[in-house]
Amino acid sequence: MAIGGDGNIPKKKQRVGSNSQLSSTRAVINSSFPDETLIEGSNKSPALRRSSSSVLGGSSGCGGFNDSDTADVILRLHLDHHRSPFDSFVTSSDSVSFDESDVQIYLHSHILRRAKYFSALLSDRWQRHNDDDSPQIHRLNLGVPPTPDSINDYLEVLRLLYTDDFSASITSVVTALALLPIALELLFEDCIKACVKFLEAVPWSDDEEKKILNLIPFLSHEESKELLTRVSPLKHDSSEEMLHGLILSAIHNHPNMAFAKAFVAKLLRDFSSKESVRRVLDKVFEKSLKVVKESLEEYSSPNFRGDHNETEAIQRLNLHSAMTNGKHLLWLVERMIELRVADMAVKSWSEQASFTADLQRAFRDDAWRNIAPSLPAVVLRCTSRLANAVATGNILAARQVRMKLVKDWLPVLIVCKDNMSPMCTNHKSLYLELEETLLRIISTLPVEDAKELLQQCLSFSTRNVEDCPHLVTAFTTWFRRANRSPPADDFRQ
């Protein structure tokens, strides 16, 4: 899966002790501002005012969240229009421009120290000490991004500092994604873990996944490990392994084979990498072809002993296996041609001298008629599809490949025609199509090579010459070329 703009997982970014990297805040200690519990700008939007007041309800217990009686920290949250380091997490459509407004909240330093950011701010190094023994009040400013509900989200994270029960607040992916960047910014480790734990366990939308990927660089390896295994494969060829498994399942194991094949065909068409599709289809093609060849070899040259019934049963199994896997092979060939990745299949099909010899022996026997009557048609359809891809230029095959393709498969076509009686309409159409295609390929070969092959095509002729115009055209073309004066020696050089 491609991740990020350049297709890679972004590199990890250091979090611990690096406020300059993660924090967008502007913290000012002992700054002066009014001590009211809640101060809102006069131009603040009603929606934000209602949301804030619902979160900031007074604490019911002494020393609780927003308890002004016991607080030793007064924190002012204000909208900061400087962009934060999590800008990639916020889309342009999320950005909202508010008039300057702020919220004042009463907190406790011993609670705030759960977040390492506040722990650093409240350390003795940065504090001024009162000359008398009066309690020291720490005044802090914290700028938040000008995005929808940003102040409410910061208030929620601050409230979570006062509890260990995060499950009541983190109840959706939307909430976890709103709180996690803030927890990362404030180095609030317990909240980070709670958000990550929730995200690990629930489904995401595509948009949510993109946001999670933008946050992963800010997580430690241990925190992001489970998230990464979900969005990134452990091996580079996982996609190809998946495609390979789906194809095998569709053609061998799935009960609704036609529907499964149609679905897998769509996956192959829509897959992003043509080379991956090519490698997977080549692999499955070779495997299926091997099964068909081995089955025909066992049928044509049986190497076992037994009684007649046992021999006949094994022969039936071999022929049935050849026919079944031949149908799978035809489906694969059609997909490869459709996707223009049949180069290897054409070359492999042209190197099957022993296979075509076994086919000729099998089709001269009458046993296949009752066991696998469709086998000749399946084999010739594979040949016809591949040969037509060559003849039309869908596959640009070398001269030797074109010649061997005709030389090896022409005898199979002739044997099938001679042993098919009576000839049904479908078979007649298939034979005629393959004859025309092979003759077109012969026309692409050198004159001498074409002469040898054309002599074997006399079986395409009929009693009525008008019924075989393709054969007439092929010989007319050859004789025209053969009668042309040879080129001069200096031209041939």
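**Notes on a predicted chain**

1. Let's start with how the chain connects to itself. Of its contacts with a separation of 6 or more, 78% are between residues 24 or more positions apart. Please keep in mind as you browse that this is a predicted model.

2. On to the overall make-up. The chain has 493 residues, and 46% of them count as buried. Its secondary structure consists of 22 helices and three strands. The accessible surface is about 25900 Å², with carbon and sulfur atoms contributing 51% of that area.

3. A word on confidence, which you will want before using any coordinates. The mean pLDDT of the chain is 79, and 74% of the residues reach at least 70. Helix α14 (residues 343-349) has the highest confidence, at 96, while helix α2 (residues 46-55) has the lowest, with a mean of 32.

4. Two stretches call for some care. Residues 17-61 stay under 50 in pLDDT, although the model gives them 110 contacts beyond four places in sequence. Residues 85-100 are also below 50, and this stretch has 37 contacts beyond near neighbours in sequence. Where pLDDT is low, the predicted coordinates should not be read in detail.

5. Finally, a helix pair to look at. Helix α12 (residues 274-300) packs against helix α15 (residues 353-364) with the axes 9 Å apart and an angle of about 45°. This angle is why α12 counts as oblique to α15. The crossing of α12 past α15 is left-handed. On the α12 side, the residues in contact are L289, V292, K293, L296, E297, Y299 and S300, and they meet F355, D358, L359, R361 and A362 of α15.

Technical notes
Residues numbered from 1 in each chain as written. Predicted model: local features only at pLDDT ≥ 70, side-chain atom pairs only at ≥ 80, totals over all residues. Heavy atoms only, no water. Helix = DSSP H or I, 4+ residues; strand = E, 2+ residues; numbered from the N terminus. Buried < 20%, exposed > 50% of the residue type's maximum accessible area, 1.4 Å probe, protein only. Contact = heavy atoms within 4.5 Å. Areas by Shrake-Rupley, 256 points an atom, 1.4 Å probe, with all protein chains shown as cover. pLDDT = per-residue confidence, 0-100. Axes fitted to C-alpha atoms, helices over the stretch in contact; angles between N-to-C directions. Parallel < 35°, antiparallel > 145°, perpendicular 65-115°, else oblique. Left-handed = near helix turned anticlockwise from the far one by under 90°.
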